[in-house]
Amino acid sequence: MAMRWLLAAIAAFGCTAVVPLALGQNPVSADPSAKGQVELRGAGATFPAPLYQKWIDVYTQANPNISIKYQGVGSGEGSQLFLEQKVDFGASDAALSDAQIAQAKAGVTLVPTTAGIIVLAYNLPDVKGTLKLSRDVYADIFAGKIRQWDDPRIQALNPDLKLPKQTITLVARKDSSGTTYALTNHLSTISEAWRTQGPGIGKLIEWPGISTVARGNEGVAGRIKHSWGSIGYVEYGFAKRLGLPMVYLQNKAGRYVEPGPQSGQAALAANVNQVPSNLRLFLPDPDGEDSYPIITLTWLLLHNHYVEPQKGMALKGFVDWALTDGQRFSGDMGYIPLPADLAMRARAAVDAVQ
Amino acid sequence: MLGEPWHRIISITSTDPDRSPARHPGGDYALDRGFRGIAWTSAALILALVAYIIVEIGGKALPAIAEYGFGFLTSTTWNVQEGHFGILPEIWGTLYSSLLALILGGVFGITIAIFLTQDFLPSRLAVVFRTIIELLAAIPSVVFGLWGIYVLIPMLRPAANWLHEEFGVVPFFGTSLSGPGLAPAALVLAIMILPTVASISVDALRQIPYKVKEAAYGMGTTRWEAILKVMLPTAGSGILAALVLGFGRALGETMALAMLIGNSNQISLSLFAPANTLAALLASNFPEAGEVEVQALMYAALALLAITLVVNIVGLAAMKFATRKFEAER
């Protein structure tokens, strides 16, 4: 537990370093519809949590009558709290399954808010230069079939690097997580063995290799930072803030792509035309020459009907702002702004909420 | 065995009724009665408290016991989503880390006890040393944890990785030390049980009548023969008690281990692999646990209690054996 506090502190320290950069630019349209003090509570994914916190800070500064609290408890927990109606809005990187949608008493609107890439961050202090991993190799690393860094298959892909004779320690999520869902969904798509004999797709799975678990994206990033020979999966921004090196992954077109907002943007742009009417788009293996292979949208979960109209109005105002003006904060923080037409469709969905 | 102290108390009070001067027989009688009453009540309260805790934990664990049965102890998955719970890796990690800690802490603790009691140091200096060692017990667990993360692990890592590179075939060195893992956890545990082991062993060695040592010297033993063949066996039961208490402490230690052991749900012989212990599992999973997981955690707590109980019983039995063998000859 103390470990978690510590890591949270490290992550928070990382966040505060980014915040001042974006603070200069915040003329926000005041929301005329919400009167009186409104308090909104939300919980869910840790993946977009820094961005949501940023949005909340900026928006509530311009609209002091609204206060919004968001807790990054993980997508699984967040969806659960949302379905039990213990929070006003939820957040999940795995959206909601059809079964979960059927459970929602007040109905549910899925609003994609931003997208992000999931990077494989690692810690090999003596290895300088970029590490490249092909699709079958990183699938086998997560499947526990490749257990040493100096494995010939890794070495063959990186002839210039001097890889140490160290055990590969996987750092995975301890809590039920949309990030885990997106990664396992991707692995299952690219690897026959993962699909048929592996641990499958889920927000929480049993990792076959030498693995250690930590809570939240910030927890995983912090654990990687402290552990030599480790590799783990986190949202790009978390790895960037801690200065962790990230693997260049091979995409569907066979190219090795540098992880970053550009390659994520490319992946989203090349596949945005597939978005279904409920806005639940998963891209387990995006097409495109320059696409980064592991990408996920992240969703806010709104009830279709709010008993207190004030809350509904305030929340709609906030989300609508986030989908328009708020998008410009995404890029700076390592996320991918939504393509304009997807943002338009998301706003239309928000508008239907009562 | 547990009844023995009671025997002594009762025999003292019952066989020496004339010891107290009978000037105020009524008042003394009341005092005696009163004191005995308080002693009995306190003892009964402690027993009741332990019983209450066990019943409470057992009651909360009951649904989990009914659902998972004995398989809980032998299964290796902990998946909240699918409702599969098993604690074999945690049981393994608890015993493995505690055993390593006991070996290290035991050797050093007993050595220190010998050093402090067998006239290696002027007695005043020995007192200072002993106080310093007992101060270790006052350091909070979380400080040990942080020290482990920021000092011990970076210090240990090069050596561990060298061992892995050179002797990777040996199962104990089968993985490299990436960060948190069994070795740093066991080392910190050893330091944490050191004061317990050392100070109880010191007391045990101090209790030996001086004439025993003189007799040994008188028979022509060297100093080392006297220490190893006379003093240590004579203090045997006390030293065993020290080890049992130290092991018990190691089994239940939580915070430092939760920070250092790596929360990994797997069984590995390697000293450098991440692992998990029961106490660390409880500490790290309780805060966010849902209803079903809490029941499973209560079951795990019950398992930890049972392990501690078994260790204590085995320890007491060993002590009894040692007492008979060596101390009867006093």
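How many bridges join strand β6 (residues 169–173) of chain A to β7(A), and how do these two strands run? The close-ups below come from a predicted model, and the first one takes up that question.

**View 1. Strands β6 and β7 of chain A, side by side.** Four bridges join β6(A) to β7(A), and the two strands run parallel. If you want a spot to look for, find L170(A), which stands opposite S211(A) in β7(A).

**View 2. A look at helix α2 of chain A.** This helix covers residues 49–62, and at 1.5 Å a residue its 14 residues should span 20 Å; the end C-alpha atoms are 20 Å apart, so the two agree. Several of its residues are buried, including L51(A), W55(A), I56(A) and Y59(A).

**View 3. Helix α4 of chain B and what follows.** Here 30 residues (88–117) should span 44 Å at 1.5 Å a residue, and the end C-alpha atoms are 42 Å apart, which agrees. After α4(B) comes D119(B), with a positive phi near 60°.

**View 4. Where chain B meets chain A.** On this side, 28 residues of chain B are in contact with 24 residues of chain A. Helices α6 (141–167), α11 (255–260) and α12 (278–285) of chain B each supply at least two residues, and α6(B) gives the most, with six. Sorted by class, the chain B side has 11 nonpolar, 14 polar and three charged residues.

**View 5. Two loop residues with positive phi.** Q85(A) sits in the loop between α3 and β3 of chain A, and its phi is near 60°. With 13 other C-beta atoms within 10 Å, Q85(A) is partly exposed. N263(B) lies in the loop between α11 and α12 of chain B, with phi near 40°. N263(B) has 25 other C-beta atoms within 10 Å, so it counts as buried.

Terms used. Residues numbered from 1 in each chain as written. Chains lettered and ligands numbered in written order. Predicted model: local features only at pLDDT ≥ 70, side-chain atom pairs only at ≥ 80, totals over all residues. Expected span 1.5 Å × (residues − 1). Buried ≥ 20, exposed ≤ 12 C-beta atoms within 10 Å, placed from the backbone. Pairing = 2+ DSSP bridges. Contact = placed C-beta atoms within 7 Å. Nonpolar A, V, L, I, M, F, W, Y, C, P; charged D, E, K, R; others polar.
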